[in-house]
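Take a look at the model below and turn it around a bit. Then have a go at each question before you read the answer.

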Amino acid sequence: MTDDKAGLVIRGLTVAYGRKKIVRSFSLGPVPRGEVLALLGPNAAGKSTLLRGIAGLGSASGQVVFDGVDLARLPRVERAKRIAYMPQSQPPGIRLAVIEAVMSACSGMIGRQAAMREAYDALARLGADELAMLPLSELSGGQRQIVALAQAIVRRPEILMLDEPTSALDLKHQIHVMECTTALARERGTIVIAVLHDVPLALRYADSVAVLKDGSLKVHGRAEEIVTPQLLADVYGIEARVERCSLGRIQIMVDGTLSR
Ligand SMILES: Nc1ncnc2c1ncn2[C@@H]1O[C@H](COP(=O)(O)OP(=O)(O)OP(=O)(O)O)[C@@H](O)[C@H]1O
């Protein structure tokens, strides 16, 4: 079995808005099935644009190979069955109950009864089944974000891409969402790619970390191997120490910002 046939490999992916190339010749992988990849990088590095390129939204060239198949060559509908993309911000409230909104995310893929079961299951996994009958338009920002995640996982994608899935959540819900997402990856063999600004959260839950800067991949690997004070200085312009805690995980202690 070649590397291409085990998980996700991205080769030379370039993503543009009109003539403006944002992500340039991005290559990464293989990312094995069942793993969580955290995508880190400063504001405007191109993280959301990269996710859109992988999902086949917008103008992209290059290869996105999953289990040996170049997704870019598949018809849009086939690609959409394999990939779910949860964008950074959610559309304003539409007049649907939460359960209907989650069901609608998998409409056309399975029958109505199965969709209802899957939708309840997705909400229950996320600890949000009590929201099922509420109007989507009446949810708080954090509740809306959890429902958006349910809308992504209900489709049972093979690649689940989450753009800042914890940005509106309190500490308990951040941990719960990351634990659910990791469990789902392991259970279903899903590859999860999550853009996270919360570096400690990424270090705790991700199997590997990719760092993007100015539209290019700076480094990809296990956090313990790649996260160094020099990397944090180069990417974020901060002065920080990287230390290993008693559980073997690494921790970042920020001392200040570097003047540029
Ligand atoms: N629709 C668009 N048209 C033109 N340029 C865009 C568009 N969306 C984003 N950009 C530009 O692409 C660059 C990367 O934006 P992107 O949203 O991918 O960054 P990001 O790393 O996700 O940022 P953040 O962490 O701030 O969310 C930015 O310079 C931004 O101005």
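**Helices, sheets and a ligand**

Q: When α3 passes α4, is the crossing left-handed or right-handed?
A: Helices (H or I, at least four residues) and strands (E, at least two) are DSSP runs, numbered from the N terminus. A crossing is left-handed if the near helix is turned anticlockwise from the far one by less than a right angle, and right-handed if it's turned clockwise. For α3 passing α4, the crossing comes out right-handed.

Q: What kind of model are you looking at?
A: Residues are numbered from 1 along each chain, as its sequence is written. Local features need pLDDT of at least 70, side-chain atom pairs count only at pLDDT 80 or more, and totals for chains, interfaces and linings use all residues, all of this in a predicted model.

Q: What word describes how α3 is placed relative to α4?
A: Axes are lines fitted to C-alpha atoms, for helices over the stretch in contact, and angles run from 0 to 180 degrees between N-to-C directions. Under 35 degrees counts as roughly parallel, over 145 as roughly antiparallel, 65 to 115 as roughly perpendicular and the rest as oblique. Here α3 (residues 98-105) and α4 (residues 112-125) pack at about 115 degrees, with axes 9 Å apart. So relative to α4, helix α3 is roughly perpendicular.

Q: How many nonpolar residues are there in the contact of α3 with α4?
A: Two residues are in contact if their C-beta atoms, placed from the backbone, lie within 7 Å. Ala, Val, Leu, Ile, Met, Phe, Trp, Tyr, Cys and Pro count as nonpolar, Asp, Glu, Lys and Arg as charged, and the others, Gly among them, as polar. α3 brings Ile 99, Val 102 and Met 103, while α4 brings Ala 115, Met 116, Ala 119, Ala 122 and Leu 123. With no polar and no charged residues among them, the nonpolar count is eight.

Q: At roughly what angle do the axes of α3 and α5 cross?
A: The way α3 passes α5 is a right-handed crossing. The axes of α3 and α5 (residues 141-153) come within 7 Å, and they cross at roughly 35 degrees.

Q: How many polar residues does the contact of α3 with α5 have?
A: Val 98, Ala 101, Val 102 and Ala 105 of α3 meet Val 147, Ala 150 and Gln 151 of α5. Next to six nonpolar and no charged residues, the number of polar ones is one.

Q: Which residue in β7 stands opposite Met 86?
A: β6 and β7 (residues 159-163) pair in the parallel sense over four bridges. Opposite Met 86 you'll find Leu 162.

Q: Which are the edge strands of the four-strand sheet?
A: This open sheet runs β2-β1-β4-β5, and its pairing is antiparallel. The strands that pair on one side only are β2 and β5.

Q: Which residue in β4 is the bridge partner of Leu 8?
A: β1 (residues 8-17) and β4 (residues 59-66) run antiparallel, joined by seven bridges. For Leu 8, the partner in β4 is Phe 66.

Q: Which residue in the turn between β4 and β5 has a positive phi?
A: β4 and β5 (residues 69-70) pair in the antiparallel sense over two bridges. They form a hairpin with two residues between them, and the one with a phi of about 45 degrees is Asp 67.

Q: In which strand does Pro 30 sit?
A: Most residues other than glycine have a negative phi, and most peptide bonds are trans. From Gly 29 to Pro 30, though, the peptide bond is cis, with omega near 5 degrees. Pro 30 itself is found in strand β2.

Q: Which element gives the largest share of the shell around the ligand?
A: A residue is near a molecule if its C-beta atom, placed from the backbone, lies within 6 Å of it. The residues surrounding the ligand include Tyr 17, Lys 20, Lys 47 and Ser 48. Two or more residues come from each of β2 (20-31) and α1 (47-55). The largest share, three residues, comes from α1.

Notes: Pairing = 2+ DSSP bridges.
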